[in-house]
Amino acid sequence: MVSKSPTNPLVMAAQALFYGLFAVIIAIFSTWPDYVHLDGDRSLIKLSFSYHGEPVGECRERSPEELAKLAPNMRVAKVCPRERSPIRVKVDLDGQPLFEGSAPPAGLSKDGASTLYRRFEVPAGEHLVSVKMNDNARIADFNLVREEKVTLKPAQIMVIDVRKDHGGIFFE
Amino acid sequence: MDSIRQGGLALLQRIESFFDAFFGAAGNPWRHLGALGFHFLWIALATGIYLFIVLDTGIEDVHTSIEYYTHEQWWLGGILRSLHRYSADGLVVVMLLHILREFLYGRFHGFHWYSWITGVPTVWLVYASGIGGYWLVWDQLGLFSAVASAEWFDWLPIFSTPATRNFLPGVLTDRFFSLLVFLHIGIPLTLMLALWVHIQRISQADVFPSRALALGTFVMLLVLAFVKPTVSHGKADLSVVPTVLHIDWHYLFIHPLMYLTSPAGLWLIAGGATLLLLALPLLPHKKQGPIAVVNPPNCNGCRRCFVDCPYGAIAMLPHPDKPGHELARVLPELCASCGICAGACPSSTPFRSVEQLVTGIDMPQQPVGALRQDMERRIAALSGPVKIAVFGCECAARVGAVEDQGTAVMNLMCTGLLPPSFVEYALRSGADGVLVTGCREGSCAYRFGTQWTEQRLSGEREPHLRPGVPAERLRVAWADRHEMSDLKAALDVFRENLKNLGADEMRLRPYTPRRIAKHG
């Protein structure tokens with residue numbers, strides 16, 4: 001049986017050893033092994049937007065009879081459907097399809113913004129990026145289009161976004 | 001699953017016994033993992049105060065301010081930062097070991113359910129606290145963690161706008177860092193509240209490690225801070241993806257796991273693990289025995305059971321008939337059915353002349369009166385040159401295996417149920433020696449059974465063994481379930497010692513109770 005006296009050299013050495021081992025476990029896994037999040041020759045394209053689609057139907061003028069039925073303070077002549085169109089998206093990279101999908105409007109009444117976030121790891125270098133969107137359910141084709149040749153540096157992030165005040169689709 | 005758990009427990013107890021040899025039970029880190037967790041948390045909180053003072057929360061300044069105190073003020077800010085980081089890492093390590101240990105000891109069902117269930121949210125809070133700390137540094141690692149966390153939470157339909165959009169170029173503002181600081185203080189404070197809830201159903205919770213263990217681990221962290229000071233990655237750049245990262249796997253392993261699977265996959269893993277932990281108390285398990293029962297005529301309101309109960313399951317209420325007196329009352333939902341209260345009751349002394357020994361607080365499944373009868377019968381039946389009475393514990397080394405014609409075995413629910421006067425009674429009833437065994441300190445299924453028994457027998461705790469009892473005729477040999485051979489060896493040595501002691505040397509005067517003398 002080992003004497004548990006703290007002055008016993010064997011006890012001191014053993015304790016130092018165990019504390020050292022504990023420290024090594026903490027230290028090693030606090031920085032090692034390295035995690036390679038993205039290979040050095042790759043870049044990242046992020047498709048991300050938060051965008052209100054157009055109303056699903058046309059606005060119309062209320063008839064005088066309809067207006068008469070409403071309370072005086074509610075008599076707004078123009079009425080529009082509350083529901084927004086989903087945003088349809090198609091992204092091609094160098095002529096090959098990268099993503100195709102649809103972002104529905106948020107909210108119980110489907111009157112909120114359509115949001116989307118996707119990340120694509122692509123080889124660094126020059127690419128032809130083609131993005132097509134439809135924000136109006138009354139139009140069959142894509143009504144927002146942008147096609148551009150971009151050069152991505154290794155580890156660079158390129159964001160594909162859409163905003164009305166940016167003139168539609170833009171790359172950043 | 002139970003056989004795997006038992007196998008793991010045997011291995012763990014061997015490790016704990018090994019560490020006992022060098023640290024002692026009080027300083028053995030394996031036996032105080034919860035207390036060590038608190039210790040690491042205190043260090044992280046204390047060092048965090050200084051780091052909060054010197055941190056500049058501006059988006060452009062946060063990294064610069066951290067770099068300043070890491071490199072220019074390394075002797076204070078740098079060391080404190082490293083202590084902050086490594087104590088947080090240590091907290092995760094001991095927390096995970098604590099969960100594993102409590103699982104192996106089976107402390108997740110029955111009366112343990114409350115501590116187990118309330119412990120589960122603390123795991124989330126520890127990780128939330130730690131991961132938020134990495135964001136604050138706002139280096140490439142912090143950016144990576146922030147984006148990965150946002151991508152993970154975006155999978156849940158809780159944000160009207162994806163949280164990841166906050167990390168697109170040009171979106172972040174200084175307010176984000178003010179929010180982060182608020183969260184990095186608020187979540188640890190919530191963690192402390194959760195820990196307070198976690199320990200509510202245990203009395204005298206082990207939240208402070210022994211001085212030696214606290215000092216040892218602190219020096220360990222300090223040395224680590226000097227040898228391998230914590231440094232940042234390069235400043236976060238929202239237009240670039242961090243490629244190779246020196247990741248802190250203690251906390252940030254969830255991010256590579258998510259990229260290896262998917263956000264949904266990580267939710268499945270994390271949610272599944274959480275549900276599994278929460279469901280463990282529902283799995284079939286051994287039914288808990290009847291709870292302690294107070295016998296008011298024999299309770300004098302001394303409070304010893306109240307003080308000794310490991311789970312705060314006893315309340316002292318005003319005596320209904322005796323003004324100024326108190327009466328013990330058992331709180332059924334907290335009682336663990338361990339019997340430690342019966343061992344603490346001064347009315348449990350077997351020297352009482354009553355025919356039917358009824359004590360102030362007792363266990364229906366192993367009443368003190370029945371224990372006295374059993375002991376008298378077994379000692380009377382002993383033969384051979386050396387007669388030994390052994391008091392053991394159901395949870396420890398199986399004492400039944402050492403029973404023979406010279407050895408009477410009394411198997412208790414917990415050694416803490418043993419009133420110390422039983423030792424003297426056994427010696428006066430014909431036993432040449434008494435051996436008390438049970439779980440090692442820290443292994444006790446009911447927390448304090450071993451500790452209280454040891455203190456009662458050494459006279460440090462009431463009710464204590466009378467000083468007239470010769471120490472040569474009492475042997476205490478703690479042995480966990482796997483240490484049967486150690487128990488047998490201790491018993492053999494004790495028997496030899498008693499043989500050498502001689503029949504009349506250091507022997508107490510025999511005592512025959514009147515009720516036995518009268519009835520034979």
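1. In this predicted model, the backbone oxygen of A:P123 lies 2.5 Å from a polar atom of the side chain of A:H127, and a polar contact of 2.8 Å joins the side chains of A:H127 and A:D94. A polar contact here is a pair of N or O atoms within 3.5 Å, where within protein one must be able to donate a hydrogen and the other to accept it, and residues adjacent in sequence count only if both atoms are side-chain atoms.

2. A:H127 belongs to strand β8 (residues 125–134) of chain A, strands being DSSP runs (E, at least two residues) and helices likewise (H or I, at least four), numbered from the N terminus. Leaving aside neighbours within four places in sequence, A:H127 is in contact (heavy atoms within 4.5 Å) with A:L93, A:D94, A:V122, A:E148, A:K149, A:V150 and A:L152.

3. Turning to the interface, chain A and chain B bury about 3,800 Å² between them, 68% of it on carbon and sulfur atoms; buried area is the accessible area (1.4 Å probe) that two parts lose on being put together, summed over both. Of the area that chain A buries against chain B, 20% is supplied by A:Y19, A:I26 and A:Y35, more than any other three residues. The contact takes 38 residues from chain A and 47 residues from chain B.

4. Two salt bridges are counted between chain A and chain B, a salt bridge being a side-chain nitrogen of Lys or Arg within 4 Å of a carboxyl oxygen of Asp or Glu. B:R165 forms a salt bridge with A:D161, and the closest N and O atoms are 3.1 Å apart. On the side of chain A that touches chain B, α1(A) gives the most, with 14 residues.

5. In chain B, a nonpolar surface patch of about 910 Å² includes B:W74, B:F218 and B:V227, and its largest share, six residues, comes from α8(B). Patches of this kind join nonpolar side chains (Val, Leu, Ile, Met, Phe, Trp, Tyr) within 5 Å, using residues with over 30% relative accessible area and no salt bridge. B:V227, found in helix α8 of chain B, is exposed, with a relative accessible area of 64%.

6. On conventions, residues are numbered from 1 along each chain as its sequence is written, and chains are lettered from A in the order in which they are written. Local features need pLDDT of at least 70, side-chain atom pairs count only at pLDDT 80 or more, and totals for chains, interfaces and linings use all residues, while side-chain values use heavy atoms, with hydrogens and water left out.

Note on methods: Patches are made of residues with over 30% relative accessible area and no salt bridge: like charges are joined within 9 Å, nonpolar side chains (Val, Leu, Ile, Met, Phe, Trp, Tyr) within 5 Å. Accessible areas come from the Shrake-Rupley method with a 1.4 Å probe; for residues, only the protein chains shown count as cover. Buried means under 20% relative accessible area, exposed over 50%, partly exposed in between (1.4 Å probe, protein chains only).
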